[in-house]
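These notebook entries record what I looked up in the structure, entry by entry.

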Amino acid sequence: MSNADFKTRLQNWLPKLVLSPSLLLMLVFVYGFIAFSVYLSFTDSRLLPSFGLVGWENYSKLWRLSHWKISLTNMGIFAFLYIGICTFIGLGLAIFLDQKIRAEGMLRTIYLYPMALSFIVTGTAWKWFLDPGIGLENVLQSWGWSSFEFDWIKDRNYAIYTVVLAAVWQTSGFVMAMFLAGLRGIDNEILKAAQMDGASNWNLYRRIIIPQLRPAFLSAFVILSHLAIKTFDLVIALTGGGPGRATELPATFMYSYTFSRNQMGIGAASATIMLMTIAAIMVPYLYAELREKK
Amino acid sequence: MSYAKQDTAIRTGRAVRIIIYLVLLLFALFYLLPLYVMLVNSVKPLHEITGGGMMNLPSGFTLEPWVKAWKSAQIGVEPTGLSPYFVNSIKMVVPAVVISTILGALNGYVLTKWQFKYHKIVFGLMLFACFIPFQIVLIPMAKMLGLLGIAGSTSGLALVHIVYGLGFTTLYFRNYYAVFPTELVRAAQIDGAGFFKIFWRILLPSSGPIAVVSIIWQFTNIWNDFLFGASFADANSQPMTVALNNLVQASHGVKEYNVHFAGAILAALPTLLVYVVAGRYFVRGLMAGSVKG
C-alpha cells in the first residue's frame with residue numbers, strides 16, 4: 001500500500017475515529033447503564049446488585065407501597081400546578097413585557113436570574129423564608145398582625161404547594177423568555193391588518209397571537225414536564241421530603257430506596273418507570289423535531 | 001431566542017399601561033425577594049433574625065457570618081467551612097467543562113460536515129441522552145466508578161459530568177455548524193486540507209459564540225448539580241452544593257441562619273457572576289447558531 005493511499009484512507013476514517021470515543025461513552029454510560037438498571041429491576045438486588053431474577057416482583061411490590069403512591073400523587077399535584085402556573089406567568093409576563101416597556105432589559109435580567117441558581121440555594125432561601133419560626137409568619141406577627149398564620153411548609157396537607165412555589169419562582173422567568181422570543185417572531189403586518197378591521201387587543205391575542213405561539217407552548221411543556229419529573233434537589237433542600245412523606249417525589253423515593261433502605265431492586269424499578277414516563281414525552285417530540293429538519 | 005426588536009403593533013391606553021407596569025414591578029419584587037432575604041440576613045447577627053427581623057435591614061452590620069461560612073462552619077464532622085468544597089467544585093467543573101466542550105465541538109463538526117450513513121441515529125442517541133432522568137444511571141455508575149478506581153473523587157465526578165453533558169454540547173455545536181457554509185469546507189478539501197486542518201483553520205475561528213453558550217451551559221449545570229455529588233462523592237470530594245445542604249440540614253446545635261444565607265450566596269456567586277457578565281452572550285450565541293437547527 002502506497003503512502004498516499006494510506007493517507008486518503010485515514011482521512012476517510014478520521015471523522016468516525018474522532019466521533020467514536022463520544023459514541024462509545026454514550027453507548028456504555030447511557031444505554032448500557034439503562035439496560036443494566038432495567039435488568040436490576042427484575043432481580044433480587046438489595047444492598048448490592050445481585051443477579052437472581054425475580055420477574056415482576058419488584059414492580060408489584062412497588063405498586064403496593066403507600067410511599068410510592070404518595071410520591072406519585074405528589075408528582076401529579078406538583079407537575080400539574082408547576083407546569084400550569086409557569087406557563088400562565090411566563091406567557092403573561094412575556095405579553096406585558098412586549099408592550100414597549102421602558103426598562104425591559106433590566107426586568108428580563110431580574111426575571112431570569114433564578115435560573116442561574118442551584119436548587120439547593122433556592123431551597124435554602126425559601127426554606128427559611130417560609131419557616132413559621134423566623135420567616136414570613138414571624139415577621140408579619142412582629143409587625144403587629146398577630147393573628148397571621150402561614151405554616152404550609154410544616155403542614156402535611158400544604159407542604160407540597162411550597163415546593164410548587166419555589167419551583168415556579170426558579171423557572172417561570174425562563175418560560176417568559178421562551179414566550180417572549182415567540183412573540184417577537186410574529187409578523188406585525190397581520191396584526192395591523194386585523195386592527196384595521198377593528199379587532200380589539202383581547203381578540204388579537206386570543207385569535208391571532210396566542211395560536212401562533214404553539215411551538216413555544218410545546219417546548220415549554222416538554223421542558224417543564226421533564227424538569228418536573230427530575231425534581232430532586234429542591235425537595236431535599238426545602239423540605240427533605242417531609243413533613244412525614246408529604247413532599248416525597250419519585251426521584252426522592254428512588255434515592256432513599258436505593259441508597260438508604262437497601263432495596264435496590266425496587267429503586268431500579270422506580271427509576272425505570274421514571275425513564276419510561278420521560279421517554280413517552282421526549283421521544284415523539286424529538287422525533288418530530290429531527291424529522292422537520294431536512 | 002431573540003428579543004432584539006422591541007416592536008409591536010399592539011396599542012394600549014394609559015390606564016392599561018399603568019396596570020402593566022404595576023404587575024411587572026410586582027413580579028420583579030417577587031423574583032428579587034429571596035435574594036434580598038439572603039443578602040440582608042447574611043450580614044446581621046443571629047438574634048436580629050430570630051427576633052422577627054428577617055425583612056429588616058441589619059442594624060448591627062457584621063461580616064462574621066460570611067467568614068464563618070467560608071472558614072469555620074461545621075460541615076458534616078469537620079469545622080472547615082465551605083472553602084474546601086468550593087475548591088472541590090472548581091476541580092470538578094473546570095476539566096468537565098473544557099473536555100465536554102472540546103468533544104462536543106468535534107462531534108458537531110463530524111455530524112454536520114462529515115456525515116456518514118447513520119449520522120442521524122447517532123445524533124438522536126446523543127440527543128435523547130440529554131433528557132434521561134439520572135436516577136436510571138445512578139446504580140451502574142456507582143459500580144463503574146468503583147471499577148475505574150475513581151469512586152469518591154473529583155475526577156470521578158468530572159467524568160460523570162463529561163458523559164452526561166456531551167449530548168448538550170454536541171447539540172449546540174451541531175446546530176451551529178449546520179448553518180456554516182459547507183462550500184468553504186469542500187473548497188478547503190480540494191486545496192488539500194485535511195480533517196483537523198479544516199476544523200482548526202476554518203470552523204474553529206468562527207466558533208466563539210457557540211463555545212460561549214456551551215461553556216456557560218455546562219458551567220452552570222455542573223456547578224449546580226446536586227444528585228451526582230450526593231451520590232458519588234465522599235467527604236473529601238463533595239462539591240459546594242452538597243456541602244451547603246449539609247450545613248443547612250445539620251440537626252445539632254443552634255441553627256445559624258445568617259451563616260446558612262452567607263453560604264447559600266457563596267454557592268450561588270460563581271453562576272450568578274457568569275449570568276450577569278455573560279448572560280447576553282448566551283442568548284446571542286444561541287441565536288447565531290440557528291433559529292432551528
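**Entry 1. Helix 7 of chain B**

I began with helix 7 of chain B and found it mostly covered, with 23 of its 25 residues buried. The model is a predicted one, and I read every value below as computed from it. I noted that this helix runs over residues 154-178 and reaches 35 Å from its first C-alpha to its last, close to the 36 Å expected at 1.5 Å a residue. I then looked for a bend and found a kink of about 45°, centred on B:Gly165.

**Entry 2. Helix 1 of chain B**

I turned next to helix 1 of chain B, which has 28 residues. I recorded a reach of 39 Å from first to last C-alpha, close to the expected 40 Å. Where does the kink in this helix lie? I placed it at B:Leu32, with an angle of about 40°, shortly before the proline B:Pro34. I listed the buried residues of helix 1 as B:Leu24, B:Phe27, B:Pro34, B:Val37, B:Met38, B:Val40 and B:Asn41. For the spacing of such positions I kept one rule in mind: an α-helix has 3.6 residues a turn, so residues three or four places apart point the same way.

I also checked B:Arg11, which is found in the segment before helix 1 (14-41) of chain B. Is B:Arg11 buried or exposed? I count B:Arg11 as exposed because it has 10 C-beta neighbours inside 10 Å, where 12 or fewer is the cut-off for that class. I noted a separation of 47 Å between the C-alpha atoms of B:Arg11 and B:Phe134, which are 123 residues apart along the chain.

**Entry 3. Chain B as a whole**

I counted 13 helices and zero strands in chain B. I read its C-alpha atoms as filling a box of roughly 75 × 65 × 30 Å along the principal axes. Of its 293 residues, I found that 47% count as buried. I then took the contacts between residues at least 6 apart in sequence, and 75% of them join residues at least 24 apart.

On confidence, I noted an average pLDDT of 89 for chain B, with 95% of the residues scoring at least 70. Among the elements of chain B, helix 13 (residues 257-289) has the lowest mean pLDDT, 86, and helix 4 (residues 83-113) the highest, 95. For the model I recorded ipTM 0.89 and pTM 0.90.

**Entry 4. The core and the contact between chains**

I looked up the largest nonpolar core and found 166 residues in it. The members that touch the most others are A:Ala94, A:Phe179, B:Leu82, B:Leu244 and B:Ala264. The largest share of this core, 15 residues, comes from helix 7 (residues 159-184) of chain A.

For the contact between the chains, I counted 82 residues from chain A and 73 from chain B. Helix 1 (residues 3-40) of chain A gives the most to the side of chain A that touches chain B, with 17 residues.

**Entry 5. Residues of chain A**

I examined A:Val163, which lies in helix 7 of chain A. I count A:Val163 as buried because it has 25 C-beta neighbours inside 10 Å, the cut-off being 20 or more. I listed its contacts, leaving aside neighbours within four places in sequence, as A:Phe78, A:Leu234, A:Val235, A:Leu238, A:Thr239 and A:Thr247. I noted that A:Val163 and A:Thr247 are 84 residues apart in sequence and 7.8 Å apart in space, C-alpha to C-alpha.

I then checked the backbone. A cis peptide bond joins A:Gly242 and A:Pro243, with omega about -5°. I located A:Pro243 in the loop between helix 11 (233-238) and helix 12 (250-260) of chain A.

Which non-glycine residue has a positive phi of about 50°? I found A:Lys100, in the loop between helix 3 (66-97) and helix 4 (104-112) of chain A. A:Lys100 is partly exposed, with 13 other C-beta atoms within 10 Å.

I recorded a positive phi near 55° for A:Asn262 as well. A:Asn262 sits in the loop between helix 12 and helix 13 (264-292) of chain A and counts as partly exposed, with 14 C-beta neighbours inside 10 Å.

Conventions:
Residues are numbered from 1 along each chain as its sequence is written. Chains are lettered from A and ligands numbered from 1 in the order in which they are written. This is a predicted model: local features need pLDDT of at least 70, side-chain atom pairs count only at pLDDT 80 or more; totals for chains, interfaces and linings use all residues. Helices (H or I, at least four residues) and strands (E, at least two) are DSSP runs, numbered from the N terminus. Two residues are in contact if their C-beta atoms, placed from the backbone, lie within 7 Å. A nonpolar core is a set of buried Ala, Val, Leu, Ile, Met, Phe, Trp, Tyr and Cys residues joined through C-beta atoms within 7 Å. The expected span of a helix is 1.5 Å times one less than its number of residues. The bend at a residue is the angle between axes fitted to the seven residues ending there and the seven starting there. pLDDT is the predictor's confidence in each residue, from 0 to 100.
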